Amino acid sequence: MNFEIRNAKIVTARGNEAVNDYVLETFTANIHISNGCIVAIDEQIRGVDFFDASGLIALPGFVDPHTHIPFVGERSKEFIMRSKGIKYADILKAGGGIHSTVDDVRRASVDDLVNAGLKYLGWMLKNGVTSAECKSGYGLDFENEIKQLEAIKIISTLTSQNIVSTFLGAHAIPPKGEKAFFEDLKAMMKEIKEKNLAEFVDVFCDEGAFSVDFSREYLNFAKSLGFKLKAHADELTNNGFAKIASMLGATSVDHLAMCDESEINEMSKNKTIAVLLPLTSFYLKNKFAPAAKIINSGVPVALGSDFNPGSNTFYSPFLTIHLAVNYMGMTTAQAIVAHTLNAACAIGLGERVGSIEPGKRADILLLDVPSIDYIPYMPTNEIIRAIFLNGEFFENRNSLSGKNKK
Ligand code: NIG
Ligand code: FE
């Protein structure tokens, strides 16, 4: 299937690797698509089916490098408790929070998880998310962690979005304690490797969650099995684990709201990607990560949602970019690169998505806005005029100002 997007004002980063120069190229051209892939970008007209994108901005599809899909159930009562001042970590320590979603996920079937996951990914797609990371972490035992990862595998065959799978068995400490749980986690990791159910291993190292010593050993074990590494670090408190995870070679360290300079320096030495999740800071009424400081130290920054039933239920890249620009001192260009190319690299997809270039998948958003500053300025998905997902065309007629351009 050949297709052309004509006269698009293309705004994109370039390359397959995370960058910290945040340069967006802007030029008008025709994008030629064949079998879901961008094959050429030039001035030519090839006489195939086309979409006239005159007056529209073409952006690479957003990549969400950190979600907690798939989950079932809800925690609205906990949200109301927090709105009255009770802390996230205190609810977790008292056996609520993540543990309450674990109860729901253990009762759910693989089909329940697949259906819920597809529902949320569908919401994300309408917001321009064409690739996403999905995690386990609501099973916390062999059977249910594997169940979650199997659900992710099925989800990835049922959506055209690119899905990357992460094992987050070390998400909350079960009653048996972290030491005894380590043995279970090792068995899970071996099984997951054998069945190829996850590419990354992640850990929640924080107050009320896993200790620094445990998290170091756990990631080391994951590394020895050949997994790529990630960590939830400095989300609620600073315990230095961002530095340790970076030294262990983590692809990304995520959250970083409370990170310090020595951690940032280590990350810049190791080219670790900082995945910042401002929606969670906003939702928990916590500090935002020091994005400008991290960027100025040469660390490539990516942005994601952290969409989950507890610490953040927002999922819009438009709102994330609004917060990044309005509260974290990022420029619009930095935020766009962070939510496209750098986010793709944070989940190992830098060669396939994240920019509009020949050789990459045709995951493209057409935005009906006069400039990219409209993304943080008026952060609604209604500015998306059309989405190309793996070359497949989705139209948003609500954004249509008068005529159908196809
Ligand atoms: O990234 N920090 C740990 N995990 C999630 C929250 C998950 C939950 O509350 O269910 C987070 O904030
Ligand atoms: Fe998270």
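How far apart do the C-alpha centres of domain 1 and domain 2 lie?

## Two domains

The C-alpha centres of domain 1 and domain 2 lie 28 Å apart, and the contact between them, counted as heavy atoms within 4.5 Å, takes 35 residues from domain 1 and 32 residues from domain 2. Domain 1 covers 2–61 + 353–400, while domain 2 covers 63–346, with bounds that come from an automatic or database domain assignment.

## Basis of the model

This is a predicted model, in which local features need pLDDT of at least 70 and side-chain atom pairs count only at pLDDT 80 or more, whereas totals for chains, interfaces and linings use all residues. Residues are numbered from 1 along each chain, chains are lettered from A and ligands numbered from 1 as written, and side-chain values use heavy atoms, without hydrogens and water.

Taken alone, ligand 1 exposes 320 Å² (Shrake-Rupley method, 1.4 Å probe), and the protein buries 100% of that.
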